[in-house]
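Take the two chains one piece at a time.

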Number of protein chains: 2
Amino acid sequence: MIRFYNGKVMMMQRGIETENIEVWTDKDKISFVGIPSAEDLQNRHFDREYDLKGNLLMPSFKNAHTHSAMTFLRSYADDLPLQDWLFKQVFPMEAKLDGEKVYWLTKLAILEYLTTGCTAAFDMYFELDDYVKACTESGFRSVLCGSISGDSSALERLENNYLKYNGKSPLISFMLGFHAEYTCEKELIEGVGKLAAKYKAPVAVHNSETAKEVRECAEKYGVTPTKLFDSFGIYDFGGAGFHCVYMSDEDLNIFRDKDVYAVHCPGSNVKLASGIAPITKIQSMGINIALGTDGPASNNCLDMFREMFLMTGLQKIACNDASACPADKVLQAATIGSARAMTLFDCDCIAAGKQADLIVIDLDQPNMQPLNNIGKNIVYSGSKQNVKLTMCAGKILYENGDFFIGEKPETIYKKANEIIGSMKNS
Amino acid sequence: MIRFYNGKVMMMQRGIETENIEVWTDKDKISFVGIPSAEDLQNRHFDREYDLKGNLLMPSFKNAHTHSAMTFLRSYADDLPLQDWLFKQVFPMEAKLDGEKVYWLTKLAILEYLTTGCTAAFDMYFELDDYVKACTESGFRSVLCGSISGDSSALERLENNYLKYNGKSPLISFMLGFHAEYTCEKELIEGVGKLAAKYKAPVAVHNSETAKEVRECAEKYGVTPTKLFDSFGIYDFGGAGFHCVYMSDEDLNIFRDKDVYAVHCPGSNVKLASGIAPITKIQSMGINIALGTDGPASNNCLDMFREMFLMTGLQKIACNDASACPADKVLQAATIGSARAMTLFDCDCIAAGKQADLIVIDLDQPNMQPLNNIGKNIVYSGSKQNVKLTMCAGKILYENGDFFIGEKPETIYKKANEIIGSMKNS
């Protein structure tokens, strides 16, 4: 059992901060939230008593869209239009990947997630056994998203993976998914819709990331990607659309009616010049919003603080309204929204019985002072530098700059550099 | 003397990185840059030999537009249009400031500058004696910018300050300036032009930050702020325009012809929904660009890494071109450009004889790996967390999270919170 005391707690589901409340964890769960009596404390044995010293305990961030192993392409293929970047740089380099490479490159990403207070990734990639191994060895949570593309022969693999990875580990689950409309044949999309119906399961997919994607879909099918997906029942049991930059009113109505999450990736959308997603409109329609970094090839970092500032900043610019997308909406998206988009309903906030996916934010830093409004400080001023501790499923994986994921960071950096070196030269 | 060795050096003025080169500092200056002979090393006594361990030494960032003491308004008055924010929130609270408050609030800002690898601020504020005391006590460099407004009676104060603060300390200088067109009477602007001519001195001023400012200037004077300023000779000896969001071609021609710096403040411009400055166009015209955070009331943080990503990200979106504003241009603006906009010509890059204003970037962090391209890593992935050491004028003011500015951070945080508390209640 671990006791967090003497600090502030931002529980997210009720109010933004409270004082004098303690949070206890037992194994992987939060076992107590409240003000304990002297008796409660007397009879309790804690493995560790963590004095928050006035700092903030809050739910960890969840990264609702990423391709973790793409760390190898960070700062490798910048400054290209999305389609060129994807087809000329990313896909040829990806063809050189194998399981062992994915394993090490994923571990590199996990280190970075921990530095930004993130304990779970909604990851769309391949070499899943090796990805899962990297996550479970590290103690890091992940929801795998089906990443199939091409023709309908991939459907069998998707279904097998769905059955294989769900229930494999408490840290791992698998959501039906496919890459995107523009990389998949009609029969494949149709087939995923049938799997969604068969398993009454949500589906996640890249959706309306670029104007080109939407235009070409209209040319091919006469409808938007969302309408096309809907016609095949893709979203009949909910799910998520990654990016959602170019959404029609009809598209958004489908998202609202079918409880689909719009996963916002502002860092990637600016870096690849994709556009600014209509988040303010999406919010006003009551559609759920989650936040993700996208992969490190397109961002290039995995920094939830940067994403949070971009989420509000871009809306203020796009709406010409400095009051657009206020800080509390952003915090909601980065914690509760992202967790629920990944169906991690037990990792979304601080309450007894929930998973102990928690972070400690250092308020004794100049960017958090004075304490006019802690929530706004985090969104408008926060940085990785403020993350003192990251706990996933009750285990401390990062504290005061040190990592506790088994492997030493130096080993991971060395492997990552060797891998990129060998791929460039092959 | 301090010896930096065994790392990478990004000198800025020639190429982006070199290996095996050492940098030595002597008192406030860089005394040697190169590969020393065994003999050179043998005869030399160093006060400290800093093993870079493969990390990066580079010129520090300079913040080319800020109002440091406005830390007290951080997260206090967010989510309002610029004019309301300024006239209804900022100005009434500022009226409650005094010298002692400015002293402590400035120290808070200095702590934050150091965490982001920034060693100099181009500061526009008041209570200058107290501001200067805070800077010089801390060992932090600053260029004060005249901040007068109202009628021409303020001119005497501006001239007195110009004469008083230049040459007062090696860390302090003063540039002629006034707040903005919309807060100054015509006679005051005209008077500043005469002072510029008298001292053959550059002038810095808020310029074309909002569409409203430019529109109302046109209604009042029939010209843009830049044209108005130019008609009074404001820029006859160079200078700077803070923000430059709404600039006509004629305005930009004036900037180019008179060697005026466009000081870009993207964080503030998005947060206050001011707009996106035409940086790509400004760059293509060969106009000098500097980078600043603006004050913490409008940003809300003082983070040069965030500004760097925003500078490139917003251009990619505004130009619909993922290759817009590449990383090297951003690094130039944040180091050389900002230094020169402040007339800190001896603080702009790493070379023998220049001021020792240096930072060490920790490359042994997940967001800096793999080392595909260090410059791009800094701009696209960098964060405060990567700043290992900040040196100003040869003195280490920040290292591994510890501050060496005399005052303890806890004292400064306590004072800042007391000050904001007393102001809210008065």
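At what angle do the axes of helix α3 (residues 99-115) and helix α4 (residues 128-138) of chain A cross? They cross at roughly 40 degrees, and the axes come within 8 Å. The crossing of α3(A) and α4(A) is right-handed. From α3(A), the contact uses A:Gly99, A:Glu100, A:Val102, A:Tyr103, A:Thr106, A:Lys107 and A:Ile110. Facing them in α4(A) are A:Asp129, A:Asp130, A:Tyr131, A:Lys133, A:Ala134, A:Cys135 and A:Ser138. By class, the contact has six nonpolar, three polar and five charged residues.

This is a predicted model. Chain A averages a pLDDT of 95, and 99% of the residues score at least 70. For the complex, the predictor gives an ipTM of 0.96 and a pTM of 0.97.

Stay in chain A for a hairpin. Strand β4 (residues 22-26) and strand β5 (residues 29-34) of chain A run antiparallel and are joined by five bridges. A:Glu22 has A:Gly34 in β5(A) as its bridge partner. Two residues lie between the strands of this hairpin, and A:Lys27 takes a positive phi near 55 degrees.

Now move to chain B. Strand β4 (residues 22-26) of chain B pairs with β5(B) in the antiparallel sense, over five bridges. Here B:Trp24 has B:Phe32 in β5(B) as its bridge partner. These strands belong to an open sheet of four, in the order β5-β4-β1-β6 (chain B), with mixed pairing. β5 (29-34) and β6 (48-51) of chain B stand at the edges; each has a single partner strand, so one side of each is left without a neighbour in the sheet. From one strand to the next, the twist averages 15 degrees.

Chain B also holds an open sheet of eight strands. Its order is β8-β9-β10-β11-β12-β13-β14-β15 (chain B), and the pairing is parallel. Which strands stand at the edges, each with a single partner strand? They are β8 (61-66) and β15 (289-291) of chain B, so one side of each is left without a neighbour in the sheet. Neighbouring strands are turned by 25 degrees against each other on average, direction ignored.

Look inside this sheet. Strand β10 (residues 141-145) and strand β11 (residues 172-178) of chain B pair in the parallel sense over four bridges. B:Cys145 stands opposite B:Met175 in β11(B). Helix α5 (residues 155-165) of chain B lies across β10 and β11 of chain B, and runs at about 165 degrees to β11(B). Helix α13 (residues 327-341) of chain B also packs on the sheet. α13(B) touches β8, β9 (118-123), β13 (239-243), β14 (260-264) and β15 of chain B. Its direction makes about 105 degrees with that of β15(B).

Finally, the chains together. How many residues of chain B are in contact with chain A? There are 51, and they meet 51 residues of chain A. α3 (99-115), α10 (266-271), α12 (304-319), α14 (374-381) and α15 (409-425) of chain B each supply at least two residues of this side. α12(B) gives the most, with six residues. The residues on this side of chain B divide into 24 nonpolar, 15 polar and twelve charged.

A rotation of 180 degrees, with 0.0 Å of shift along its axis, superposes chain B on chain A (RMSD 0.0 Å). The two copies are thus related as by a two-fold rotation axis. In chain B, the C-alpha nearest the axis is that of B:Gln385, 2.4 Å from it. The same surface serves both copies: 100% of the contact residues of chain B recur in chain A.

Terms used
Residues numbered from 1 in each chain as written. Chains lettered and ligands numbered in written order. Predicted model: local features only at pLDDT ≥ 70, side-chain atom pairs only at ≥ 80, totals over all residues. Contact = placed C-beta atoms within 7 Å. Nonpolar A, V, L, I, M, F, W, Y, C, P; charged D, E, K, R; others polar. Least-squares fit on C-alpha atoms with pLDDT ≥ 70 in both. Pairing = 2+ DSSP bridges. Axes fitted to C-alpha atoms, helices over the stretch in contact; angles between N-to-C directions. Left-handed = near helix turned anticlockwise from the far one by under 90°. pLDDT = per-residue confidence, 0-100.
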